[in-house]
Amino acid sequence: MDEKVKASWERALHPETLKTNIITASIFSMAFEMLKSSIIEKIEGFFINGFDENGMIVSPEYKEKVLSLNRSPLYASLKWLQDMDAIDDEDLERFEHIKRCRNTLAHEMFTFASSGVDFDVAEAFEEMVGLLRKIEIWWFENLEMAIDPEAYPEDLDLEQVILGPVWSLQMLIDVALGPEEEARKYYDQFIENADKT
């Protein structure tokens with residue numbers, strides 16, 4: 001048997017490797033959906049004018065100022081963020097790279113399981129967390145801190161701020177793909193504090 005073919009089947013059939021690869025691809029897809037939701041929903045939420053019996057009332061400005069930028073709500077939202085100087089051209093390229101990685105892992109899972117992929121999955125995860133963090137910090141600085149500046153210390157180091165969506169994404173990655181000790185610390189901390197709330 002050809003050595004490449006043999007190595008490919010060994011990788012695909014090894015139970016631990018196969019499970020890890022399937023979990024990795026699934027977590028990457030889930031993380032990408034979290035990133036997309038955060039990008040779209042944060043902007044839509046910014047344009048809410050209240051609630052009625054059907055739910056949120058989104059201002060007509062949302063359609064004019066955001067959705068008019070692209071047929072895709074996702075790309076319209078990215079363009080709006082770029083226009084607001086929250087992200088730049090490099091960030092848009094980073095997003096496209098992350099999306100290509102997600103598509104490869106989602107649509108070519110057997111290839112990933114048997115032969116691997118031509119990108120570093122861990123680096124792609126880091127890019128995703130970094131992009132989400134940049135966007136979330138922009139919102140924090142330009143909305144939350146701007147609305148109530150007295151609520152935050154003047155010398156607040158934004159590098160030290162950990163925002164909910166970023167923490168959630170990092171926790172998901174750590175628990176699912178990190179070493180056992182890393183995954184365990186979230187669980188142990190939850191169990192320790194669950195009865196206190």
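Visitor: How many aromatic pairs does a search of the whole structure find?
Guide: The search finds 13 aromatic pairs. Rings of Phe, Tyr and Trp (its six-membered ring) pair if their centres lie within 6.5 Å; planes under 30 degrees apart count as stacked, over 60 as edge-to-face and the rest as tilted. Mind that this is a predicted model: local features need pLDDT of at least 70, side-chain atom pairs count only at pLDDT 80 or more, and totals for chains, interfaces and linings use all residues. Residues are numbered from 1 along each chain as its sequence is written, and side-chain values use heavy atoms, with hydrogens and water left out.

Visitor: What is the geometry of Trp167 and Tyr186?
Guide: Edge-to-face. Their centres are 6.0 Å apart, with 65° between the planes. The pair links distant parts of the chain, 19 residues apart: Trp167 is in helix α8 (residues 164-177) and Tyr186 in helix α9 (residues 180-194). Helices (H or I, at least four residues) and strands (E, at least two) are DSSP runs, numbered from the N terminus.

Visitor: Is Tyr186 buried or exposed?
Guide: Tyr186 counts as buried because its relative accessibility is 14%. Trp167, at 41%, counts as partly exposed. The cut-offs: buried is under 20% relative accessible area, exposed over 50%, partly exposed in between (1.4 Å probe, protein chains only).

Visitor: Which charged end sits over the ring of Tyr186?
Guide: That of Lys185, 5.5 Å from the ring centre. The rule asks for NZ of Lys or CZ of Arg within 6 Å of the ring centre and within 35 degrees of the ring normal.

Visitor: Which residues form one aromatic cluster?
Guide: Phe46, Phe47, Tyr62, Trp80, Trp138 and Trp139.

Visitor: Switching to charges. How many salt bridges are there?
Guide: Eight. A salt bridge here is a side-chain nitrogen of Lys or Arg within 4 Å of a carboxyl oxygen of Asp or Glu.

Visitor: What does Glu33 form a salt bridge with?
Guide: Lys36, with the closest N and O atoms 3.5 Å apart. Both residues lie in helix α2 (residues 15-46), three residues apart, about one turn of the helix. Glu33 is partly exposed at 36% relative accessibility. Lys36 is also partly exposed, at 22%.

Visitor: And Glu61, what is its partner?
Guide: Lys65. The closest N and O atoms are 3.1 Å apart. This pair lies in helix α3 (residues 60-65), four residues apart, again about one turn of the helix. Glu61 counts as partly exposed at 35%, and Lys65 counts as partly exposed at 42%.

Visitor: Which side chain meets Asp88 in a salt bridge?
Guide: The side chain of Lys134, at 3.7 Å, N to O. Asp88 is partly exposed, with a relative accessible area of 35%. Lys134 is partly exposed too, at 33%.

Visitor: Which residues are linked in a network with them?
Guide: The network of salt bridges links Asp88, Asp91, Arg94 and Lys134.

Visitor: Now strands. How do β1 and β2 run?
Guide: Antiparallel. Three bridges join β1 (residues 48-52) to β2 (residues 55-58). Two strands pair if DSSP finds at least two bridges between them. β1 and β2 form a hairpin, with two residues between them.

Visitor: What is the bridge partner of Ile48 in β2?
Guide: Val58. Elsewhere in the pairing, Phe51 stands opposite Met56.

Visitor: Where is Pro60?
Guide: In helix α3. Pro60 is exposed, with a relative accessible area of 56%. Its C-alpha atom is 9.4 Å from that of Asn49, eleven residues apart along the chain.

Visitor: Last topic. Which residues form a nonpolar patch on the surface?
Guide: Tyr187, Phe190 and Ile191, with about 330 Å² of accessible area together. Patches take residues with over 30% relative accessible area and no salt bridge: like charges are joined within 9 Å, nonpolar side chains (Val, Leu, Ile, Met, Phe, Trp, Tyr) within 5 Å. The areas come from the Shrake-Rupley method with a 1.4 Å probe; for residues, only the protein chains shown count as cover.

Visitor: What about Ile191, where does it lie?
Guide: Ile191 lies in helix α9. Ile191 is partly exposed, with a relative accessible area of 43%.
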